[in-house]
Amino acid sequence: AGSFLSVSDLHVSFATEDGIVKAVDGVSFDLQRGQTLGIVGESGSGKSVTNLSILGLHDPKTTSVSGDIVLDGQYLIGAGERTLEHLRGNKMAMIFQDALTALSPYYTVGRQISEPYRKHLGASRREARERAVEMLEKVGIPGAKLRVDDYPHQFSGGMRQRAMIAMALVCNPDLLIADEPTTALDVTVQAQILDLLKDLQQEFGSAIILITHDLGVVSRTADDILVMYAGRAVERGTVREVMRSPQHPYTWGLLTSMPKLTSAVEEPLTPIPGAPPSLLAPPPGCPFHPRCGFPGDVNGGRCSTERPELPEGRGAACHLTPEQKHTIFTERIRPR
Ligand code: SF4
Ligand code: MG
């Protein structure tokens, strides 16, 4: 209660031929209006699945979802498809990585942008077209009055991404979920799109969930960060806290493998060795222990037997003591 969006103890699992996949395993977070939460993790960390569950876009035949998702006082898990359909586009909207999957090649950009507006707000054709021009202007498409009648293939990649943002915002949603919205774009356009999202957020007051594998993107855009690994939330804090004094060895790995956008020469990255575990048979104990360089620092070999829990508020799901987290980060990780 008290939060605009509250997700508590979310579990999402899929039945596959090989067994049950626990894609999301007990994730909780809160988000206020006008705030941006960055959810960071590798592919398969459960970040996209978490957000598809919020939108109610999972397949109910194969997916089981439990926990609570409350948006502005309304419980979304267990809400009927009609309710969810009404909320999608009107109260919550989504931006995807690839605009080409969201935009149809057969209709003009303007028609697609205004479609949700007509559907949810019952606007006339003319009103809808005017609204599409207005939205294209808002997202910075030059010559919007003419471009409104273009087809998606006549737009550049960056312009299509802007058009998709216009489509997502046309009904003034309170919650915007952006899944890797800039991954397919070059660095300059990426920065422009992120700045655009921030400006629009100020204007519309929306809450934003930004899903990305890139800590650089969240540090530029978000207020809070939730780091996910193997279906679990492993670290939570404000952007400042997580970027300055990260507490989880996985976050350290993400930080040190982050490319420096400011350097002229491309610096070699230090990727985290190994791969995320299978969610069919996750390892016992800490899910990160097969890849973590620090289990030896934890007394009693607990890393491979006892699952660390993420505390409420600021913190990390890791057995290292707060002093160890601080010392290891400042003395062994940060100087590199
Ligand atoms: Fe590494 Fe152990 Fe912390 Fe897991 S609990 S991240 S294995 S130190
Ligand atoms: Mg994804």
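## Ground rules

The model is predicted, with local features needing pLDDT of at least 70 and side-chain atom pairs counting only at pLDDT 80 or more, while totals for chains, interfaces and linings use all residues. Residues are numbered from 1 along each chain as its sequence is written, and chains are lettered from A and ligands numbered from 1 in the order in which they are written.

## Around ligand 1

Ligand 1 has 14 residues around it, and the closest are Cys286, His289, Cys292, Cys303 and Cys318. (A residue counts here if its C-beta atom, placed from the backbone, lies within 6 Å.) Sorted by class, that shell holds 11 nonpolar, three polar and no charged residues. Cys is on the nonpolar list, along with Ala, Val, Leu, Ile, Met, Phe, Trp, Tyr and Pro; Asp, Glu, Lys and Arg are charged, and the others, Gly among them, are polar.

## Helix 4 meets helix 5

Helix 4 (residues 109-121) and helix 5 (residues 125-138) have axes that come within 8 Å and cross at roughly 115°. Axes are lines fitted to C-alpha atoms over the stretch in contact, with angles from 0 to 180 degrees between N-to-C directions; helices are DSSP runs (H or I, at least four residues) and strands are too (E, at least two), numbered from the N terminus.

On the helix 4 side, the contact uses Gly110, Ile113, Ser114, Tyr117 and Arg118, and helix 5 brings Ala128, Arg129, Arg131, Ala132 and Met135. Contact means C-beta atoms, placed from the backbone, within 7 Å. These residues split into five nonpolar, two polar and three charged.

One open sheet runs in the order 2-1-4-5 with antiparallel pairing. Strand 2 (19-31) and strand 5 (74-75) sit at the edges with a single partner strand each, so one side of each has no neighbour in the sheet. Strands pair if DSSP finds at least two bridges between them. Strand 1 (residues 5-16) and strand 4 (residues 63-71) share eight bridges, with valine 7 opposite isoleucine 69.

Strand 7 (residues 175-179) has four of its five residues buried, meaning 20 or more other C-beta atoms within 10 Å of a residue's own, C-beta atoms being placed from the backbone.

Strand 10 (residues 232-238) has six of its seven residues buried. Its antiparallel partners include strand 9 (residues 224-229), over six bridges, and strand 11 (residues 315-316), over two. Glutamate 235 faces valine 227 and alanine 316.

Definitions and conventions: Contact = placed C-beta atoms within 7 Å. Buried ≥ 20, exposed ≤ 12 C-beta atoms within 10 Å, placed from the backbone.
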